[in-house]
Each structure stands twice: as structure tokens, then as C-alpha cells.
Amino acid sequence: MSAHSHIEKIDKEAGFVSANRPPAAYPAGQSPYYRKLGNPGPLGLYAFASTTFILSMYNAQARGIATPNVVVGMALFVGGLAQFVAGMWEFATSNTFGATAFTMYGGFWMSFATIFLPGSGVIAAYGENADELNSALGIYLFTWMIVTALLFIASLRRNMGLVVLFFFLTITFALLGAGKFSTAHAVTLDKAGGALGIVTAMVAYYVGTAEMLSDRRTSYFVLPLGAIPQREIV
């Protein structure tokens, strides 16, 4: 999820894997060609933002929608698969933070979708015991709040866009988890979590677009992300 997640490494740099063929494989007189890997950040951010936006609209009960099952396909293949693949490519570009975040949330969306698949039997296992189901879902959501809070801490030296994104996402999970534990305020907390999730999705769209436009050679303008000065290691 960093704008600097391209690979352009020289063979002799220690600790990095080059994208080149071995030097002996080049025909005589042919110059070595260094391949670049594209930045997977926008893919992961757009996949996350789009799925989060749809589910958050349902949580906020936009247009009277209270059943979120339409998001299952989106969660499996966009928020899940596409984001998971983006995480794998972030590993290849030596961006541990982006790889961890995208892979984790890709897994989150696939696991979330599985809960609502009739064939999984997850919801059916609780039968008529709605209180137990809500408690289980609350623990599930609070677990992801913990993961998100840790990623928020890790984002503090990256850029303000990511800081704001993970801050709002942490609160979103907290509200949704609290909504599952509460009986008197469940609807209010779910709607609040949905509204904040929409804000989170908009921030993710912005950060993804800013990363896509970060190369001044291929874009007419750039969007600021709020650069945070990096610590100098002496």
C-alpha cells in the first residue's frame, strides 16, 4: 500500500531478489533489461473500498436494505480474491505492511462471505439461538478491530491517508462489534458503523487514486497523501 512498492533492484544489492535473468543468459551485445512490477496498491485499495462501501450501505440500511447477502459475491471475488492477490504482489515488491494488510483483509472478506453462504452451514448451526449467533459475530468483529488497531499503529510513519483510513476502520469494527453485543442499541450501532464504514471506503478510494496518479510521467496531476517524515537511521 505504498507508492514506493515497485521493484527496480540491482543484482548486487544485498537482500533483494532481482527480476533479471542470470547475466550469462544474455546473448552477446544485448543490454540487461530490468523488469518493473506494477504497484498493486490501487488494486487492493479499490477492492477493499468497493466491498466496504456496499456492505456499509447495507449496514446503514440505505433504501431500507437490512439483509446484506448481495455482498457475498463481491466479498468473495473482489474484496477477497482480488485483495488477497494484491497482498501477494506486495510481498514481491518488498512492502511488508501492504502485503500484511491486503492479505489479511482479503482473508477477512472471504471468511465473512463464507458465514452467509447457505452451504457453509455457519448460520444454520446456531438454529433459532439468535443471541448466541450475535455474540459469536461480535467476537469475530472485535477480533478484526484488534488487527486493524495494530495496523493503525504500523501506519503512523507512512502517510496521513493511511493513518486516517485505519483510524476510521478501527472505529467501524468497534461499532459493528458493539452492535452485535447490544440489544437495546443494536440498530443504532449498526447504522453508525455503516455510516463510518462509508467514510472509510471514501478514504480508501482517495488513497488508491492517489497511488494510481503518483507517477507524474503518466498522470496530469497528483493527489496529496500527507507525507510523514521518515526517521533517519545512522
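Visitor: Which helix does T200 lie in?
Guide: T200 lies in helix α6, residues 186–212. Bear in mind that this is a predicted model.

Visitor: Is T200 buried or exposed?
Guide: T200 has 0% relative accessibility, so T200 counts as buried.

Visitor: What is T200 in contact with, leaving aside its neighbours within four places in sequence?
Guide: With those left aside, T200 is in contact with F48, L165, F168, L169 and T172. F48 also belongs to an aromatic cluster.

Visitor: What does F53 touch, not counting residues up to four places away in sequence?
Guide: F53 touches I198, A201 and M202.

Visitor: Staying with α1, how do the axes of α1 and α2 cross?
Guide: The axes of helix α1 (residues 41–59) and helix α2 (residues 71–92) cross at roughly 155° and come within 8 Å. The two helices are therefore roughly antiparallel to each other, as the angle is over 145 degrees. Their crossing is left-handed.

Visitor: Which residues make the contact?
Guide: From α1 there are G41, L43, G44, A47, F48, S50, T51, I54, L55 and Y58. From α2 there are V71, M74, A75, V78, G79, A82, Q83, A86 and E90.

Visitor: How does that contact divide by class?
Guide: The contact of α1 with α2 has 12 nonpolar, 6 polar and 1 charged residues.

Visitor: New topic. At what angle do α3 and α4 pack?
Guide: Helix α3 (residues 96–116) and helix α4 (residues 130–154) pack at an angle of about 170°, and their axes are 11 Å apart. That makes α3 roughly antiparallel to α4. The crossing of α3 and α4 is left-handed.

Visitor: Which residues are involved there?
Guide: On the α3 side, F97, T100, A101, M104, Y105, F108, S111, F112 and I115 make the contact. On the α4 side, the residues are L137, Y140, W144, V147, T148, L151 and A154.

Visitor: How many of them are nonpolar, polar or charged?
Guide: In the contact of α3 with α4, 13 are nonpolar, 3 are polar and none is charged.

Visitor: Back to aromatics. How many aromatic pairs does the structure hold?
Guide: The structure holds 15 aromatic pairs. One of them is F108 with W144, an edge-to-face pair at 5.0 Å centre to centre with 65° between the planes.

Visitor: What does that pair tie together?
Guide: F108 lies in helix α3 and W144 in helix α4, so the pair ties together parts 36 residues apart in sequence. Both F108 and W144 are buried.

Visitor: And which residues form the aromatic cluster?
Guide: F48, F97, Y105, F108, W109, F112, F116, Y140, W144, F166 and F173 form one cluster.

Visitor: Last, the whole chain. What does its secondary structure come to?
Guide: The protein chain has 6 helices and 0 strands, in the pattern α-α-α-α-α-α along the sequence. Of its 234 residues, 38% count as buried.

Visitor: What about contacts between residues at least 6 apart in sequence?
Guide: Among those contacts in the protein chain, 69% join residues at least 24 apart.

Notes: Residues are numbered from 1 along each chain as its sequence is written. This is a predicted model: local features need pLDDT of at least 70, side-chain atom pairs count only at pLDDT 80 or more; totals for chains, interfaces and linings use all residues. Side-chain values use heavy atoms; hydrogens and water are left out. Axes are lines fitted to C-alpha atoms, for helices over the stretch in contact, and angles run from 0 to 180 degrees between N-to-C directions. Helices (H or I, at least four residues) and strands (E, at least two) are DSSP runs, numbered from the N terminus. Angles under 35 degrees count as roughly parallel, over 145 as roughly antiparallel, 65 to 115 as roughly perpendicular and the rest as oblique. A crossing is left-handed if the near helix is turned anticlockwise from the far one by less than a right angle, and right-handed if clockwise. Contact means heavy atoms within 4.5 Å. Ala, Val, Leu, Ile, Met, Phe, Trp, Tyr, Cys and Pro count as nonpolar, Asp, Glu, Lys and Arg as charged, and the others, Gly among them, as polar. Rings of Phe, Tyr and Trp (its six-membered ring) pair if their centres lie within 6.5 Å; planes under 30 degrees apart count as stacked, over 60 as edge-to-face and the rest as tilted. Buried means under 20% relative accessible area, exposed over 50%, partly exposed in between (1.4 Å probe, protein chains only).
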